[in-house]
Amino acid sequence: MPRPFRFGVNLLASAPADEWRAKCRRAEELGYDVILVPDHLGMVAPFPALVAAAQATERPRLGTFVLNAGFWNPALLAREVATTDALTGGRLELGLGTGYVQAEHEAAGLPFGSARERVDHLERTVAELERLLGSGEHEPRPVQSRVPVLIGANGDRMLRLTAAHADIAAFTGARPGRTPGTLDPLDAEELDERVARYRALAADRAEPAELNLLIQLVAVADDPGPALKPLLERRPDLTLEQALALPLVLAGPLEEVAAKALAQRERFGFSYLTVLEPFMEAFAPVMERLRAQSA
């Protein structure tokens, strides 16, 4: 049996306290299972934003999507994780990644390093978090016996790390773009290969991980062409049909969008879907339809 769907929304825009609480409550009203925040300069600081989200809501889980490991010292991060889990009543899910925007590291006065060095740092971070938070003696203490870990991955080393340590395997579904700090989406066949590689690496797991996909564009419309125009301008090598077929795109009439999400759960195993804040409202009827069809 496939896993039940879970749905998350990644809140990108900072807001005053009342507005922040209101949009978190709106996400809960729409039925999102997880309220998420990213870790980029110019956006909200992850942990205080999640504590505020917890104060405004009752049901959703709360997560980072994903922390830029290069911004964090592991021991200090363990303190943030434990404190945030306690202040959110044990609702925290910890998303981790290497980071991919060199300009942000430079603005923060932090080394960016090579891809190898960034993965090395993430590996050390994961190991240290497991050691500290799993000791039972760490102060402060999290509420959960294990804060679920999500790792965003695409390359082989990252998939290996995810297979070994992550409760949630988040597929970026993209590769570094032609412009620094951007990502280009993978097509279905390329994503098939990445998921197959992960499954091979995770074959010995006692408990299968939940598989996540970040949906980059949602447009519920009889004619999705206008919504895809910005993507096609960035990627003139794609036809409209090829763009519509990208796993990271859910666009078209409601029935077709829901059918594609169900088919991708069957094909790839993606039961946990995350959308970006601009698509929070547009995705709500899709969530409703998917829950009805997979009940």
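Contact here means heavy atoms within 4.5 Å. Helices (H or I, at least four residues) and strands (E, at least two) are DSSP runs, numbered from the N terminus.

A word on the source: this is a predicted model, in which local features need pLDDT of at least 70 and side-chain atom pairs count only at pLDDT 80 or more, while totals for chains, interfaces and linings use all residues. Residues are numbered from 1 along each chain as its sequence is written, and side-chain values use heavy atoms, with hydrogens and water left out.

Which residues of H7 are buried? They are Ala188, Leu191, Arg194, Val195 and Tyr198; buried means under 20% relative accessible area and exposed over 50%, with partly exposed in between (1.4 Å probe, protein chains only). Viewed down the axis of H7, these buried residues fall within an arc of 120°, so they line one face of the helix. The arc is that of the directions from the helix axis to the C-beta atoms. Glu189 and Ala200, on the other side of H7, are exposed. At the start of this helix, a side-chain oxygen of Asp187 comes to within 3.2 Å of the backbone nitrogen of Glu189.

I turn now to helix H5. Its buried residues include Arg118, His121, Leu122 and Leu129. Seen down the axis of H5, the buried residues fall within an arc of 160°, so they line one face of the helix. That set packs against helix H3 (74-87), strand E5 (92-97), strand E6 (149-153) and H6. On the other side of H5, Arg116 and Arg124 are exposed.

Arg118 deserves a separate remark. Although buried, Arg118 has no salt bridge, and the nearest side chain of opposite charge, Glu117, is 6.8 Å away. A salt bridge is a side-chain nitrogen of Lys or Arg within 4 Å of a carboxyl oxygen of Asp or Glu. Leaving aside residues up to four places away in sequence, Arg118 touches Thr98, Gly99, Phe112 and Gly113.

Finally, Thr64 belongs to strand E3 (residues 61-64). Thr64 is buried, with a relative accessible area of 2%. A polar atom of the Thr64 side chain lies 2.7 Å from the backbone nitrogen of Gly95.

Technical notes: Polar contact = N/O pair within 3.5 Å; in protein donor to acceptor, adjacent residues only side chain to side chain. Lys, Arg positive; Asp, Glu negative; His and termini not counted.
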